[in-house]
Amino acid sequence: MVPRQAPAPAPTAGRILSKQVLAWASWDWGSAAINAVMTTFVFTVYLASPLFGETDSNSAALGSALAVAGVAIALFAPVTGQRSDAGGRRRFWLGVNTVLVALATAACFFVYPEPRFLLLGVTLIAAASVFAEFATVNYNAMLPQISTPATIGKVSGFGWGMGYLGGIIALAVVLFGFVQPLADWPGASTEDALNLRLVAVFSAVWFLGFGLPVLFAVPEVPRRVDTSKLGFAESYRILWRHVRSLARTAPHTLYFLVAAAVFRDGLAAVFTFGGIIAAGTFGFSTSQVIVFAIAGNVVAALGSIIGGFLDDRIGPKAVIVGALSGLLAAGAGVFLSPDARGFWVFGLLLCLFVGPAQSSARAYVARLAEPGREGEIFGLYATTGRAVSFLAPALFSLAIVLAAPHVSEGGAQRYGILGILVVLLAGLLLLLPVRRPSHGPRSPHGPAPA
């Protein structure tokens, strides 16, 4: 089946200050309220706190819920991307899933600070992560529409940088509006954790508001004229044929997807469990976690933008290898840190290296995408990632469980860091033999020779 070719990028495609790039990056800016506020530094810290029971078991429950969410994403992400490509509904499904993320996030308002609400809380966070990943498949697939082969790294890095900067502003609003309010107002009340529950509503509104511009600025992709409406079973059969074709014609594309699946799971875990470790192991208060998060997002934004420029000069593989090596060194520093000062130093180094790895991985895949099949390849990207997305949460939880009998109560959480480092190291080792992608025009022929 030969896909209809997607339109060539507009003459302004790839310009950092073009209308389409700014609107596209605005979605990244808005999603920071979910990534930074809800799943990293505020709401998951709230769920893992003593308000819901013993902190180690709360952390393990959260990890388990996210692992289940990963399985759901692995099962459905590839065909959602494929079907949005074929039906010419990439923008439509980005909008639908954006709304579903906002609804699941807003529903976290009803998670009261009692142990019986822990299940509701982790379930809603898991559901939001599923819909966010489905939205991200279509969002990432837009990258080739708004960039050129010569600028794709910079545009991807700019999007990640905007996401981190959006996280800074969102976290500042949360800190000074809800946690340590500059003015006394009813929404800052700590009774029944009202202020933290209202943070969920704020995050939903923030995400929805900044997620809308891309739906108006970036055009819908054309429907493939030779594709009839397919059921899910047939979609999986087509997907399997495409995977087998890649294995024959572009095996290093599949090798990269496997390597990226592993190291991206480790990257996600750094942010998912970073705030929890800061609070549970190093004694940070909620406000201290948010202050660290703001500083970390500044550093991560700079890393993403610098990494994007390096990506277009030396290639994404070199950027990813350097970033993963830095992450392993910084993560070891966090594990060995005796106090909060060490966490500040090595935690900020972690933030510096996470952004370039994420951005260059996205740019790598975009360079490999066939015109008109971007959603499908990014669906595979999401699926291979989520196929092992249980790995880092499971090893994080397992390390805590194994360490708990041998350390004082509350001290086992530190060992979860080792589980994350194992995943990052495995991803780096899998990436090393993969050939770099071409810097030339995107084509179905896979990476260039090393």
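Colleague: How many salt bridges does the count come to?
Modeller: The count comes to six salt bridges. Keep in mind that this is a predicted model.

Colleague: Take Asp311. Which residue does Asp311 form a salt bridge with?
Modeller: Its partner is Arg367, and the closest N and O atoms of the pair are 2.8 Å apart.

Colleague: Is Asp311 buried or exposed?
Modeller: Asp311 counts as buried, because its relative accessibility is 0%, and buried means under 20%.

Colleague: And Arg367, buried or exposed?
Modeller: Arg367 is buried, with a relative accessible area of 4%.

Colleague: What about Asp339, which residue is its salt-bridge partner?
Modeller: Asp339 forms a salt bridge with Arg341, where the closest N and O atoms are 3.1 Å apart. Asp339 counts as partly exposed at 26% relative accessibility, and Arg341 counts as exposed at 67%.

Colleague: Which residues do salt bridges with shared partners join into one network?
Modeller: Lys154, Asp311, Asp312 and Arg367.

Colleague: One more pair. What does Glu114 form a salt bridge with?
Modeller: Arg116, with 2.8 Å between the closest N and O atoms. Glu114 is partly exposed, at a relative accessible area of 31%.

Colleague: Why does Arg116 count as exposed?
Modeller: Because its relative accessibility is 64%, and exposed means over 50%.

Colleague: Back to α14. Which residues does Ser359 touch?
Modeller: Ser359 is in helix α14. Leaving out residues up to four places away in sequence, Ser359 touches Gly153, Ser156, Gly157 and Trp160. Ser359 is buried, with a relative accessible area of 1%.

Colleague: Changing topic to helix packing. At what angle do α11 and α13 pack?
Modeller: Helix α11, residues 251–280, packs with helix α13, residues 316–336, at an angle of about 35°. The axes of the two helices are 12 Å apart, and α11 passes α13 in a left-handed crossing.

Colleague: Which residues meet there?
Modeller: From α11, Phe256, Phe263 and Leu267 meet Ile320, Leu324 and Leu327 of α13. The residues of that contact divide into six nonpolar, no polar and no charged.

Colleague: Which residues of α17 are buried?
Modeller: Among them are Gly416, Gly419 and Gly427, along with Ile417, Ile420, Val423 and Leu424. Leu421, Leu428 and Leu431 are buried too.

Colleague: What about the length of α17, how far does the helix reach?
Modeller: Helix α17, residues 416–431, has 16 residues and reaches 24 Å from its first C-alpha to its last. That is close to the 22 Å expected at 1.5 Å a residue.

Colleague: Last one, Ser49. Where is Ser49?
Modeller: Ser49 is in the loop between α2 (43–47) and α3 (55–87). Ser49 is buried, with a relative accessible area of 15%.

Colleague: What does Ser49 touch?
Modeller: Thr55 and Asn58, not counting residues up to four places away in sequence.

Colleague: And how many residues apart in sequence are Ser49 and Gly280?
Modeller: They are 231 residues apart in sequence, and 7.9 Å apart in space from C-alpha to C-alpha.

Notes: Residues numbered from 1 in each chain as written. Predicted model: local features only at pLDDT ≥ 70, side-chain atom pairs only at ≥ 80, totals over all residues. Heavy atoms only, no water. Axes fitted to C-alpha atoms, helices over the stretch in contact; angles between N-to-C directions. Helix = DSSP H or I, 4+ residues; strand = E, 2+ residues; numbered from the N terminus. Left-handed = near helix turned anticlockwise from the far one by under 90°. Contact = heavy atoms within 4.5 Å. Nonpolar A, V, L, I, M, F, W, Y, C, P; charged D, E, K, R; others polar. Salt bridge = Lys/Arg side-chain N within 4 Å of Asp/Glu carboxyl O. Buried < 20%, exposed > 50% of the residue type's maximum accessible area, 1.4 Å probe, protein only. Expected span 1.5 Å × (residues − 1).
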